[in-house]
Amino acid sequence: MPKNQNVFSSLAAARRRLVSRAVHRGWRWLRDAGAVTAERPGPYRFGRIGVGTRLAFPLGTVFGERWIELGDFCIIGEQVTLTAGFVPDHELGPDPVIRIGDGVVLGRGSHVVASQEVVIANDVYCGPYVYVTSDNHSYDDPTQPIGRQWPRSAPVSIGTGSWLGAGAVILPGARLGRNVVVAAGAIVRGEIPDHAVVAGAPAKIVRRWDPEAGWQPPLRTPPPVPIPAGMTADQLLALAELEESGEAAAFGDVGTGPRPTAPARGDGVPAGDR
């Protein structure tokens with residue numbers, strides 16, 4: 001190959017690397033600058049944005065912000081849709097329609113669409129592409145297109161500490177109790193009691209907590225051991241090396257149980273569904 005061709009190829013590769021770095025650096029800047037917080041609401045006028053709450057950029061469709069309240073320390077992922085009302089400027093009265101509590105996580109591409117009250121209580125974690133709505137199409141009149149018929153609507157509530165797996169759908173009228181697990185892809189309607197695991201379409205209870213007997217049916221794996229407070233990454237690596245060499249037992253209970261595990265990935269997929 002001629003020498004000058006090698007030179008030009010090297011220059012082209014270097015140029016591509018520089019352009020790539022510039023694009024990614026610029027995108028990181030845009031994501032930071034475009035994020036919505038209480039201090040930097042941008043063009044949006046939410047009923048409330050709590051302290052420490054951040055809506056990632058780019059946002060999905062957002063309208064009816066006046067009737068949307070977001071609690072403290074919420075994480076709203078990219079491309080999340082939040083809409084109150086059927087169309088922008090739909091008058092919905094004096095009270096909030098969508099109320100999201102403290103510490104709620106809405107995964108990328110999720111939707112909360114409501115014309116009636118939707119309440120997501122504190123510390124609810126949602127995986128990507130979760131859909132929560134108070135409204136559903138009706139098809140009563142066979143002579144009219146379904147999209148032109150007035151929808152059926154009912155309030156929705158999701159209890160504190162619940163976990164909605166990726167792609168879960170919460171339909172109008174659903175009432176989820178405290179610490180409910182919704183498996184990935186489940187379609188939920190009706191009332192779900194506290195401490196239940198539901199799966200399927202339509203969702204059915206597949207596991208429940210009994211105060212005397214524990215989880216029924218029993219869990220298939222032992223509970224993960226929380227990472228001890230104050231333990232550093234280097235210490236965790238050292239502990240893993242000790243366990244592999246069989247020496248961890250000398251350090252007491254820390255090395256005799258299951259290995260400490262990091263918190264859930266936040267993708268909303270129940271462990272049994274991975």
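Welcome: glutamate 91 and arginine 66 join their side chains in a salt bridge, at 3.6 Å from N to O; the term means a side-chain nitrogen of Lys or Arg within 4 Å of a carboxyl oxygen of Asp or Glu. Glutamate 91 sits in the loop between S6 and strand S7 (98-100) and arginine 66 in the loop between strand S3 (62-63) and strand S4 (68-70), so the pair ties together parts that are 25 residues apart in sequence.

This is a predicted model, where local features need pLDDT of at least 70, side-chain atom pairs count only at pLDDT 80 or more, and totals for chains, interfaces and linings use all residues. Residues are numbered from 1 along each chain as its sequence is written, and side-chain values use heavy atoms, leaving out hydrogens and water.

## The chain as a whole

The protein chain has 2 helices and 24 strands; these are DSSP runs, numbered from the N terminus, with helices (H or I) of at least four residues and strands (E) of at least two. Of its 274 residues, 36% count as buried (buried is under 20% relative accessible area, exposed over 50%, partly exposed in between, with a 1.4 Å probe and protein chains only).

The whole structure holds 8 salt bridges. One of them links arginine 31 and glutamate 78 at 3.5 Å, N to O. Arginine 31 lies in helix H1 and glutamate 78 in the loop between strand S5 (75-76) and strand S6 (81-84), so this pair connects parts 47 residues apart in sequence. Arginine 31 is partly exposed at 33%, whereas glutamate 78 is buried at 17%.
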